[in-house]
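Reader: I have a structure open and want to talk through how it is put together. Can we start with the strands?

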Amino acid sequence: MWLRWYNPVIGTFEWRDLPETDEEALALLEPGPGSGSCVEVYRDWRRLGANVPASLIRAGEAARQEGA
């Protein structure tokens with residue numbers, strides 16, 4: 001399956017394979033600008049019970065709003 005999300009590392013939307021684990025999702029966020037806040041948003045959504053893809057989308061949305 002595919003996921004369309006805002007990737008803060010490249011600064012645009014992209015299609016990619018769905019990450020299946022937290023480690024895979026976090027690896028997509030960490031090398032980018034503002035990665036600390038993106039990771040925090042991701043982890044917050046996971047604590048709320050959201051699945052991995054939804055949490056990654058929310059982290060990307062937060063980065064986009066912050067201008068990362």
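Author: A definition to begin with: two strands count as paired if DSSP finds at least two bridges between them. Note also that this is a predicted model.

Reader: Fine. How many bridges do β1 and β2 have, and in what sense do they pair?

Author: β1 and β2, the latter covering residues 12-17, pair over six bridges in the antiparallel sense. Within that pairing, N7 is opposite T12 of β2.

Reader: And which residue in the hairpin takes a positive phi?

Author: G11, with phi near 70 degrees. The hairpin of β1 and β2 has four residues between its strands.

Reader: Switching to the helices. At what angle do the axes of α2 and α3 cross?

Author: Roughly 140 degrees, and the axes come within 8 Å. The crossing is right-handed.

Reader: What sort of residues make up that contact, by class?

Author: Nine are nonpolar, two polar and three charged. On the α2 side they include V41, Y42 and W45, and on the α3 side L56, A59 and A62 are among them.

Reader: What does A59 touch, leaving out residues up to four places away in sequence?

Author: L29, C38, V41 and Y42.

Reader: Now the core. How many residues are in the largest nonpolar one?

Author: It has 15 residues. Those with the most contacts inside this core include W5, L29, Y42 and A59. At least two residues come from each of β1, α1, α2 and α3.

Reader: Which element gives the most to this core?

Author: α3, with five residues.

Methods: Residues numbered from 1 in each chain as written. Predicted model: local features only at pLDDT ≥ 70, side-chain atom pairs only at ≥ 80, totals over all residues. Heavy atoms only, no water. Core = buried A, V, L, I, M, F, W, Y, C linked by side-chain atoms within 4.5 Å. Buried < 20%, exposed > 50% of the residue type's maximum accessible area, 1.4 Å probe, protein only. Contact = heavy atoms within 4.5 Å. Axes fitted to C-alpha atoms, helices over the stretch in contact; angles between N-to-C directions. Left-handed = near helix turned anticlockwise from the far one by under 90°. Nonpolar A, V, L, I, M, F, W, Y, C, P; charged D, E, K, R; others polar.
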